[in-house]
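Visitor: I would like to learn how to read a model of this kind. Could you take me through it feature by feature?

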Amino acid sequence: MLRFLARRLAATIPVLLIVSLLVFLVLRLTPGDPAAVLAGDQASVEQIAQIRASLGLDRSVPEQFVIWFGHLLRGDLGQSYYYKTDVVTLIAQRLEPTLSLALITIVIAVAVAVPMGVLAAWRFGSWFDRALMGFSVLGFSVPVFVLAYLLIWAVSLELGWLPVQGYRRIAEGFGPWLRHLVLPAVTLSVIYIALIARVTRASVLDTLGEDYIRTARAKGLPEAKVLKRHALANAAVPIVTVIGIGIALLIGGVVVTESVYAIPGLGRLTVDAVLARDFPTIQGVILLFSFVYVGINLLVDLSYVFFDPRIRY
Amino acid sequence: MQFDNPRDEALSVEAASVVEQPSAWARVRRNGAVRAGGAVLALLVLVAIAAPWLGTVDPSLFDPASRDLRPGMSGEITTLDGDTLQHVFWMGSDSFGRDVYSRVIYGTRVSLVVGLSTAVIALAFGIVFGLLAGYLRWVDGPLMRVMDGVMSIPAILIAIALVAMWGGTLATVVFAIAIPEIPRVTRLVRSLVLTIREEPYVEAAVSLGTPTPLIMARHILPNTIAPLIVQGTFICASGILVEAIPLIMARHILPNTIAPLIVQGTFICASGILVEAILSFLGVGLPPDIPTWGNVMAEGRAQFSEYPHNIFFPGLFLAATVLAVNILGDGLRDTLDPKMAKRG
């Protein structure tokens, strides 16, 4: 197990290195002089040259990468062109809303999608199964922001049940925090539900054809127990895998959802940074999201041991 | 049926066992999802082509007197020559006084072009990279590691960053959306090539001393994707041309090799249309005066609570288009790629 862990961790290092290199190149290939941008409009040529030297921009590109990567390892993502603060500080300030939104979304998605997928597989070919598959195709097709506006219009504007936009920090109270996040999380969870429900259904459908299911039924086990203890438990690995893969989808959704609901999180920061051509911030956010994605999929790989005791590393 | 001798009986059994299997194209044609998705898509293509004759005006025309009209209201629109036309705003107007209906109808063009080009570009690059990685061992490792790297950055972030870097033109937006899709196609083609390179005819070519580029061009490429390129690279036209390719190709090689590519191309097309709309909506896509569904929605954001139609009409078109392409893709997958279909 430990050896596997070491190998698996080692395997992520080249991926993270390549991601860093790609992200670094994005900034280097951008037209414009970062030093001039950082110095501002009133800066003299000397000041710009000084900033350039302090950033190491007067050296060769490989050297610059080594310097930049060294800073990265020490947790220094550079200075934002636009906000004139450390990118790390900027990201830290925006972390709470995004984390809250993502967590609530995952909880809703898993709580809804897994039971629905199991039910659809159990009643394969029934109206419920067909409805779920139809919903799943629909969920993939309706754009997040269209759905967001539809929900705002119906729930917030017409019914007036929930706030239209905005965000309250959890420190301001659990109630307001949750009320502001329900709608964005529901919006964001739809595509995730579509994905997870589809895979759950397919995976449970596979296990339901196995001999041990027949045995379990033959010995008179209640159907609910057959589904939970035998069918779902054995179908868990693909489901957990798709939850991990879906994180990429979730991150894309966060960027859009936060913009529509005016949530001051990392997604909103990304869009603002792009609009302001604030490349260090863009780099920082992309790096963070990618590392989170790689990290979560690492955890998913490790969780196989827990979900399927037959797997030994 | 009575038989006088065993030979006749054997022959008849043989004859009976040769059941005419419907060709891949016939199965595709008979599939309900393909028909429904294809029909909606065909309609959208017609709308895109016929945009100028569908009661639209120039989508960039605006008239301050016709600002914020509700759907169905009539108003005026000033042409570039200074003439004033009476015009009914079926989908209302935006805050500049532009006709939302005209913008949505013309937006169909952008979405379809972007979806199609993204699929073609992603497939083209994926095919070349997959071919190289699958056949040349020394390319495989480094290239696939780069692909792993690209795959671990969420697609939409790559697209956003690239558009920010390159600026928003049709070409940059298409490439920005296509690039994150390339690794998946590469992986698919690579896996196809890995099986084909073990075929006897490839071994024979190698033992005859055929140069590697020639083997790739003559033996591997035709069997993986040549039909796809012949087909003008996209599904819409594929069916008609599949008929022209020799029957064996159509019945045996085709379903196993290009079918997954066609299916993947369809899904890339759907996601391309979605991502383009998202980019425009966020203000990081095509310039706001170009009529795209995302741009119409972005413009309608500020006044959403009073004039929801500016968001809902283009949203409806967008959802319907992506839904049609996805349903078409599901149908193609079920009929062309049974192995994949079983997985749901």
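Visitor: Which element of chain A has the lowest mean pLDDT, and which the highest?

Guide: This is a predicted model, and pLDDT is the predictor's confidence in each residue. In chain A the lowest mean pLDDT among the elements belongs to helix α2 (residues 34–39), at 71. Helix α5 (residues 87–122) of chain A has the highest, at 91. For chain A as a whole the mean pLDDT is 84, with 96% of its residues at 70 or more.

Visitor: Next, packed helices. How are they described?

Guide: Two packed helices are described by the angle between their axes and the distance between the axes. Take α11(A) and α12(A): their axes come within 7 Å and cross at roughly 85°. Angles of 65 to 115 degrees count as roughly perpendicular, and α11(A) and α12(A) are therefore roughly perpendicular to each other.

Visitor: Which residues make the contact between α11(A) and α12(A)?

Guide: From α11(A) come A:V254, A:V255, A:T257, A:E258 and A:S259, while α12(A) contributes A:G267, A:R268, A:T270 and A:V271. Sorted by class, this contact of α11(A) with α12(A) has 3 nonpolar, 4 polar and 2 charged residues.

Visitor: Now the domains. What does the domain assignment of chain A give?

Guide: The assignment gives domain 1 (2–73) and domain 2 (95–307). The centres of these two domains of chain A, taken over C-alpha atoms, are separated by 34 Å. Between them, 10 residues of domain 1 of chain A are in contact with 9 residues of domain 2 of chain A. On the domain 1 side there are 6 nonpolar, 3 polar and 1 charged residues.

Visitor: And between chains, how many residues of chain A are in contact with chain B?

Guide: The size of an interface is often given as the accessible area lost when the parts come together. Here the description is by residue contacts: 39 residues of chain A are in contact with 37 residues of chain B. Helices that each supply at least two residues of the chain A side include α1 (2–28), α8 (174–208) and α13 (279–307). By class, the side of chain A that touches chain B divides into 30 nonpolar, 6 polar and 3 charged residues.

Visitor: What does the secondary structure of chain B come to?

Guide: Chain B has 16 helices and 2 strands. Of its 344 residues, 48% count as buried. Among contacts in chain B between residues at least 6 apart in sequence, residues at least 24 apart are joined in 68%.

Note on methods
Residues numbered from 1 in each chain as written. Chains lettered and ligands numbered in written order. Predicted model: local features only at pLDDT ≥ 70, side-chain atom pairs only at ≥ 80, totals over all residues. Contact = placed C-beta atoms within 7 Å. Helix = DSSP H or I, 4+ residues; strand = E, 2+ residues; numbered from the N terminus. Nonpolar A, V, L, I, M, F, W, Y, C, P; charged D, E, K, R; others polar. Axes fitted to C-alpha atoms, helices over the stretch in contact; angles between N-to-C directions. Parallel < 35°, antiparallel > 145°, perpendicular 65-115°, else oblique. Domains from an automatic or database assignment. Buried ≥ 20, exposed ≤ 12 C-beta atoms within 10 Å, placed from the backbone. pLDDT = per-residue confidence, 0-100.
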